[in-house]
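The sequence and structure are shown first.

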Amino acid sequence: MINIPSGWPAAALGAVVVAIAGFAGGYALRDTMAERDEAQLRAAWSAERETAARAAAQRIAAAQAAERTAATRLQSVQERLHETDARLRQALARVARADRMCLSSDTRRVLDDARRDADRVPARPAGPDPADAAAPADPGGPDGAASERAVAEWAATAIRLYGECRARIDAIRQWDEVTYGGR
């Protein structure tokens, strides 16, 4: 039997025992609730990760599809531009005369200087385009003037290059709209 000190009433001892049992039960309940909350948080986090992974996979698939579409459209436009360029050059060969001078040597020099200035900016990070180093197709007439045919061919090249540049920018824009919403 328990030896109760004489100054302690039995009710006080019972209250101490109940308090100790209450504290122990409270800690056990707190641990159980914390484990339950942790399990719920882990499940929610896992579900959020899965949702984010699915959304990322969908964005990647859409970007890849947009890239394929843009590349296909770009190739189609480039093929049309090359066909148009070939037809234009054939027509120019029939109508533009190589013996009729169109630009004076001074005018041609100014234009060539402007082209050389533009060539100083590299077309790509690796350096200037190797085609830039090529000699002009028409060296000019005896005094350095350019023929009507040379000017017409230059214009045809400019038209084709502008069209190709515009097609590339359009392909990038189309891809960007799908991938990033045009932001």
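Is T157 buried, partly exposed or exposed? T157 counts as partly exposed because its relative accessibility is 24%, where buried means under 20% relative accessible area, exposed over 50%, and partly exposed in between (1.4 Å probe, protein chains only).

## Model and confidence

This is a predicted model, in which local features need pLDDT of at least 70 and side-chain atom pairs count only at pLDDT 80 or more, while totals for chains, interfaces and linings use all residues. Residues are numbered from 1 along each chain as its sequence is written, and side-chain values use heavy atoms, with hydrogens and water left out.

The chain has a mean pLDDT (the predictor's confidence in each residue, from 0 to 100) of 79, and 77% of its residues reach 70 or more. Confidence is highest in helix α3, at a mean of 89, and lowest in helix α2 (residues 105-119), at 73.

## Helix α3

Helices are DSSP runs (H or I, at least four residues), numbered from the N terminus. Helix α3 covers residues 148-180. After α3 comes G181, with a positive phi near 70°.

The buried residues of α3 include A156, R160, G163, E164 and A167. T157, also in this helix, lies 68 residues from R89 in sequence, yet their C-alpha atoms are 9.3 Å apart.

## Salt bridges

Nine salt bridges are found in the whole structure, each defined as a side-chain nitrogen of Lys or Arg within 4 Å of a carboxyl oxygen of Asp or Glu. R160 pairs in this way with D85, the closest N and O atoms being 3.5 Å apart. This pair links distant parts of the chain, as R160 belongs to α3 and D85 to helix α1 (residues 10-95), 75 residues apart. Both partners are buried: R160 has a relative accessibility of 17% and D85 one of 11%.

Within α3, R168 and E164 are four residues apart, about one turn of the helix, and form a salt bridge at 4.0 Å, N to O. R168 is partly exposed at 41%, whereas E164 is buried at 8%. Beyond its neighbours within four places in sequence, E164 is in contact (heavy atoms within 4.5 Å) with Q78, L81 and H82. A network of salt bridges links D85, R89, R160, E164 and R168.

Key. Helices (H or I, at least four residues) and strands (E, at least two) are DSSP runs, numbered from the N terminus. The expected span of a helix is 1.5 Å times one less than its number of residues.
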